[in-house]
Amino acid sequence: MSEILKIGLPSKGRLKDETFKLFQKNNLKIKETDRNYLSSIKNFKPNEVVLSHAREIIERLSDNSIDVGVSGYDLLQESLPGIKKNISIAKKLSFGSADLVIAVPNAWIDVQTMADLEEISFNFKGKTTGKLRVATKYPNLTNEFLLAKGLTQYKIVNSLGSTEIYPFTNQSEIITDITSTGSTLKANNLKVLKDGIILSSVACLLVSKKSLKNNNKSKIIHKLLNQIKKL
Amino acid sequence: MKSKKYSEALLKFFIKKGFKVKSFDNIIESKIIIERSGEIFKRSLLSFEDESGKSFSLRPDLTISACLDYLKNIKKGIFKYAYFDQAYRRTFGHDSLVRNQLGCEVIGSKDKKVDQDIINLIDYSLKKTTKKNTVIKLNDLNIFFSLVDSLDLPLRWKLRFKRHFWRPDYFQELLKRLSSNSDLDKSVFELDKKTYLKMKKMDQKKLIAGRSIKEILQRFEKKIREPRSKIEGKFISKILNEFLKINCSLKKAKLTLEKFEKKYQVNLNLNKINIFNFKLNNKNLIFSTNIGRTAEYYSGTVFEIITKNNNLNLASGGRYDSLMQVLGAKKSIPAIGGAINYNNIKN
């Protein structure tokens, strides 16, 4: 195994900005890269920073092609057990907080709780769609939650983006999505069910368990973790 | 006796009684199960797609395979299946993906004696094969359904309890909710009432995310009309909890249930229940209202066979008259079956 520490950081958006701020305030200087997805921390032991999609960081930590990474707790929990088991959470960070929620159209005034949803799910049987369709980017967490809340009569529709419009474009009836302030849901005439919070998420500093088994690598990882004190 | 010999010996008993050993298709079209059962089965299926995008799955359960075989090849009349084969399911890290299943099913028989015959057969063959004394535990899920029907509850709650009887943890959650929460959140109710009045004036046929305005408003009105007090909820939870604790000898079961009916002024329709009249060869018979909670599709008689010494489960099964329709039959086809707990036998 190479002694160069491989670090996976988010490549775009608020998660990237907040992560870079975190490293900066802990005196870890990431080289400016412009549009290049490879970088490094200037004032730390030999390392390589790979800028990737937050979902990909989870996968790469699992297959050990990176040693440390920053990604969302939601994405870690969404991943399959075989992936999750290879990753440990080193620190929960102070940014990226958001909830994964179940949202239904505002006009469904008779539906306030998951029990209501379970009940109306049976009414889709005779309709053209056949089942209550749930659009989501989080099929695993959604399935787990819905089944635990007694819902069995539904169908997952995998979504890659703009999930909020699915109920109004006949692509699904309800959605699950990640929200930090709820404003996007509101703007799209959706409401969160009273007991519809699936998971509360936050950005996390994650470590590949395999890297921790390598003594030399483990020492470098702990040095990095110890340096990141100001969260 | 080695495990293979156990399975061969058990199958011989079934064959003697007219059961036919069948092997089933390894691969089934996923939509047969998914379209009818939803995500609950889908997540445990081991599926893959062919080059045209059509989804197939390894057979997840041999009772389902027997039903599908009946629908495809037998179509009508009585067929008695026996099998010892493998089924394949996701286990989410708990167990092996491959399960050995040994069992028998009678599909298409309207004869009420079939229930007692299949229980007698499984019990007898287990005793002969394992040389262990057994106890048979019995229940009929219709007793529970009758109890729920006679409770003073809104229809939606009755349906909830019936739908989730087979999921004990969630059922307990429902009981807790019944005795604590109200169906309507008063803080959001006033806001919703304004929307309600607006929606009243709109085109009632208009669809909002697959539901018509008429449908939404009707259900909203129904919820307002059927308020449920916490006190009533607590009392009903108590009745259901007490019912689910009934566990006595089969001989005393009818009398115990009649007392329960009187105490709580409920009707269990006991005159329609056959298990009290079963002629079973085993004299160790227990009635328990809490069995048959392992599979969604059970609909009437349910049974478990356990060892007398250490309560080890050797077999379980029951009637599943509505499963055939779920899997595509145009009308209800009576069916009953039992599965041998193969791991406990070989150990």
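**View 1. An open sheet of three strands in chain B.** In this predicted model, three strands of chain B form an open sheet with antiparallel pairing in the order S2-S4-S3, where strands are DSSP runs (E, at least two residues) numbered from the N terminus and two strands pair if DSSP finds at least two bridges between them. The edge strands, each pairing on one side only, are S2 (27-29) and S3 (47-49) of chain B. From one strand to the next the twist averages 35°, with axes being lines fitted to C-alpha atoms and angles running from 0 to 180 degrees between N-to-C directions.

**View 2. The pairing of S3(B) with S4(B).** Strand S4 (residues 55-58) of chain B pairs with S3(B) in the antiparallel sense over three bridges, and Ser57(B) in S4(B) stands opposite Ser47(B).

**View 3. A salt bridge between the chains.** Lys223(B) and Asp116(A) meet through their side chains in a salt bridge at 2.8 Å, N to O, the rule being a side-chain nitrogen of Lys or Arg within 4 Å of a carboxyl oxygen of Asp or Glu. By this rule, eight salt bridges are found across the interface of chain B and chain A.

**View 4. The contact of chain B with chain A.** The contact (heavy atoms within 4.5 Å) takes 35 residues from chain B and 32 residues from chain A.

**Notes.** Residues are numbered from 1 along each chain as its sequence is written, and chains are lettered from A in the order in which they are written. Local features need pLDDT of at least 70, side-chain atom pairs count only at pLDDT 80 or more, totals for chains, interfaces and linings use all residues, and side-chain values use heavy atoms, leaving out hydrogens and water.

Methods:
Helix = DSSP H or I, 4+ residues; strand = E, 2+ residues; numbered from the N terminus.
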